[in-house]
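Hi,

Here is the structure I promised to pass on. My notes on its rings and surface follow below.

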Amino acid sequence: MAGAIYIKGVELSKYKRSAVSPTEEWPSKYSKLFVELDDGLEFSFTDKRRFAKIRLLDNPEAIPPISELGPDALFDPMQLDDFVQSLGRKNVPIKSLLLDQSIMSGIGNWIADEVLYLARIHPMQTASKISKEKYKALHRCIKEVIEKSVEVGADSSEFPQDWIFHSREKKPGKAFVDGKKIDFITVGGRTSAYVPELQMLDGADAVAENRCKRRKEKLEKKDDTTLKKGPRAPKENKKTAKAMTVDDEEEDNPVKQRAKAAKPTKRGRKPMQVAKASSNKAVSSSTHDNEADEEDQDDEEASKPAKRGRKQPATGSSNKDDCSPDTGNDGKVEAKPGKRRGQKQPAAEVKSLPDNEETAVPAKRPQRKKR
């Protein structure tokens, strides 16, 4: 990935990942093998990341992995019939076959994407489902792309501008070629760039892709439903939901609204909305009733005779004049009539207090509102 053979006095290739620059010392500090020949030629093998192996063999072409390589795509290209026969009998994606060096060597990831784009073939198209016309176009594009890239010395700035190569390094959604969007998928474990508008699946592959899309959409809907109706989702009140549904139906149907308005109100407890609408009337009527009850209780208490015995303390009043005995100028205590057991206090002296308080505070007598 970062190793190469460098010859002294020969210009370096223009690869971006070259580990040695012309200004560095010779041999490079990353050199793992240095050879000096009798005629004065020197070359060095550098391996900065230490991924390579060096073996000395009598017949390298007869020993793996070189013996397992297919014909070279540039120097030993396959004939069209052999090309179609070798690839057309495989039930795997065409992109995976192009990357298989045992079938044809010399085609890398970006070259495979380029030739498929120029031939208008989808990377996931099954090789056995491709027509002979498209195989013919693919065979021609392989030859053109490799020859052009070698001709310019792998200098990408010299590549034709209509190649997909110039946009394959961009982020998804920002990659375009000739105004058409580029999508990225994974085929054979490698990232593949293609143009969906031009490279479309055919036959059974198109049906399978549509089936996968529908299945994916169903799974996404199911996941959304699970999130909404999961154990942590807020529970919806059935009565509230039903009432909201009925209200929505009545709003949509004006006939139901008129029928509801014409129905007489039932006796009993008033609904919350009616109580809110007539709050002023309820307050005024309750005030009038409380005043009438207070007057009746005062008359009943005045008419009843006082009961002899021990005086009961008044718990419903905090007024000192009412709670303490009256004394005259001579120091004598005046006796006041006691209250009977179970007798209710006048409404004017009672005020509602919380349950936790024992002493009651006298309530102020409400004033009538002027009509």
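R120 sits over the face of Y117, at 4.9 Å from the ring centre. Bear in mind that this is a predicted model.

Next, the aromatic pairs. A search of the whole structure turns up seven of them. One is F83 with Y135, an edge-to-face pair. Their centres are 6.0 Å apart, with 85° between the planes. F83 belongs to helix 1 (residues 80-88) and Y135 to helix 4 (residues 132-151). The pair links distant parts of the chain, 52 residues apart. Both F83 and Y135 are buried.

W110 and F165 also pair. Their ring centres are 4.9 Å apart and their planes stand at 65°, so this pair is edge-to-face; the cut-off for that class is over 60 degrees. W110 is in helix 3 (residues 109-119), while F165 is in the loop between helix 4 and strand 4 (176-177), so the pair ties together parts 55 residues apart in sequence.

Burial of these two needs the 20% cut-off. F165 has a relative accessible area of 19%, so F165 counts as buried. W110 has 24%, so W110 counts as partly exposed. Ring pairs also join W110 and F165 with F159 and W163 in a cluster.

Last, the surface. I5, I7, V10, L37 and L41 make a nonpolar patch of about 410 Å². L37 is in the loop between strand 2 (31-36) and strand 3 (42-46).

Best wishes

Conventions: Residues are numbered from 1 along each chain as its sequence is written. This is a predicted model: local features need pLDDT of at least 70, side-chain atom pairs count only at pLDDT 80 or more; totals for chains, interfaces and linings use all residues. Side-chain values use heavy atoms; hydrogens and water are left out. Patches are made of residues with over 30% relative accessible area and no salt bridge: like charges are joined within 9 Å, nonpolar side chains (Val, Leu, Ile, Met, Phe, Trp, Tyr) within 5 Å. Accessible areas come from the Shrake-Rupley method with a 1.4 Å probe; for residues, only the protein chains shown count as cover. A salt bridge is a side-chain nitrogen of Lys or Arg within 4 Å of a carboxyl oxygen of Asp or Glu. Helices (H or I, at least four residues) and strands (E, at least two) are DSSP runs, numbered from the N terminus. Rings of Phe, Tyr and Trp (its six-membered ring) pair if their centres lie within 6.5 Å; planes under 30 degrees apart count as stacked, over 60 as edge-to-face and the rest as tilted. Buried means under 20% relative accessible area, exposed over 50%, partly exposed in between (1.4 Å probe, protein chains only). A charge sits over a ring if NZ of Lys or CZ of Arg is within 6 Å of the ring centre and within 35 degrees of the ring normal.
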